[in-house]
Amino acid sequence: LYFLVKMANKKTKKIIIEVNNLTKSFDNNIVLKNINFHLLEGESLAIIGASGSGKSVLLKNIIGLLKPDKGSIRINSEEIINLSRSKKENILLKLGITFQHGALFDSLRVWENIIFKIQNQQKLSKIKGQELALSIIKRLGLSPKILNLFPSEISGGMQKRVAIARAICGNPKILLFDEPTSGLDPVTASLIDDLIKTAVKIVGATAITITHDMASVSRIADKVILIDNQTISWSGTPKQMLKSRNLKIKEFIQSTNPNLFF
């Protein structure tokens, strides 16, 4: 009976992100070729692969910063390729995004960076905006003292956490993270992973995370895909990944986290 109920619940979940036959090249150099995957509501996907394999390029295609040569990208059943700028911006407003190097606004204070998207939508007062930013940075283990500082006045690790605070502000239903734990100490990385899991579980968010951290993959992901040689060379669950005999998976894990194999 439990199995039937579980299967029934799974069937009711809708597809949130769907990528079909995506191909992207630069100056005749093919970076991605025939990429296919989909994510259901509340699922968390980890994308792994060597540096330069096209992981970030894939993410930028999904959010519309790049346009694929061919293929289809649907978010909540809506095709985003060739959408008008205004319609694409409306979709992006529903996403929480972090980039590998933070991409904070240098001219805005930390609290203004965190609430940037919400402020444009709701026109919060300064007091309300600071209260919202404070509630989020507390979850990230950051001191309230940094709220009125500029990004240049805080460390790189803090900048990364502020970028994540901005991404989760407003509890978006779709979260996209590009190397959210890179450069962070293990304790902080685990904290970030917990936040991603919380967002997926409580808010029902659908998440895509690009990472090299296999411990993080094991903590946050329901699905894993490995991009190698321009395409998806393996996909499965974290448990399947660790038990896989696929040479590409084993080579990647052993090169990045050798202690995961005994």
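The legends below walk through several close-up views of a predicted model.

Local features are described where pLDDT is at least 70 and side-chain atom pairs where it is 80 or more, while totals for chains, interfaces and linings use all residues. Residues are numbered from 1 along each chain as its sequence is written, and side-chain values use heavy atoms, with hydrogens and water left out.

**View 1**
Buried means under 20% relative accessible area, exposed over 50%, and partly exposed in between, using a 1.4 Å probe and protein chains only. Helices (H or I, at least four residues) and strands (E, at least two) are DSSP runs, numbered from the N terminus.

**View 1. The surroundings of Ile48.**
Contact means heavy atoms within 4.5 Å. Leaving aside residues up to four places away in sequence, Ile48 touches Lys55, Thr211, Met214, Val217, Val224, Ile225, Leu226, Ile227, Met241, Ile249 and Phe252.

**View 2. An open sheet of 4 strands.**
Two strands pair if DSSP finds at least two bridges between them. The strand order is β2-β1-β4-β5, with antiparallel pairing, and the edge strands β2 (29-40) and β5 (78-79) each pair on one side only. Strand β1 (residues 15-26) meets β2 over 8 bridges; in this pairing, Glu18 has His38 of β2 as its bridge partner. These two strands, β1 and β2, form a hairpin with 2 residues between them, and Asp27 in the turn has a positive phi of about 50°. At the other end of the order, 2 bridges join β4 (residues 70-75) to β5, and Arg74 stands opposite Glu79 in β5.

**View 3. Glu112 in helix α4.**
Helix α4 spans residues 110-114 and includes Glu112. Glu112 counts as partly exposed because its relative accessibility is 27%. A polar atom of the Glu112 side chain lies 2.8 Å from the backbone nitrogen of Arg109. Glu112 and Asn148 are 36 residues apart in sequence, yet 8.5 Å apart in space, C-alpha to C-alpha.

**View 4. The salt bridge of Glu43 and Lys223.**
A salt bridge is a side-chain nitrogen of Lys or Arg within 4 Å of a carboxyl oxygen of Asp or Glu; the whole structure has 5 of them. In this one, the closest N and O atoms are 3.2 Å apart. The pair links distant parts of the chain, 180 residues apart: Glu43 is in the loop between β2 and β3 (44-48), and Lys223 is in strand β9 (residues 223-228). Glu43 is buried at 13% relative accessible area, whereas Lys223 is partly exposed at 25%.

**View 5. Two further salt bridges, Arg85 with Glu89 and Lys248 with Asp228.**
Arg85 and Glu89 meet at 3.1 Å, N to O. They are separated by about one helical turn because they sit 4 residues apart in helix α3 (residues 85-92). Arg85 is exposed at 68% relative accessibility, and Glu89 is partly exposed at 40%. Lys248 and Asp228 meet at 3.4 Å, N to O. This pair joins helix α11 (residues 247-256), which holds Lys248, to strand β9, which holds Asp228. Lys248 is partly exposed at 39%, and Asp228 is partly exposed at 24%.

Conventions:
A polar contact is a pair of N or O atoms within 3.5 Å; within protein, one must be able to donate a hydrogen and the other to accept it, and residues adjacent in sequence count only if both atoms are side-chain atoms.
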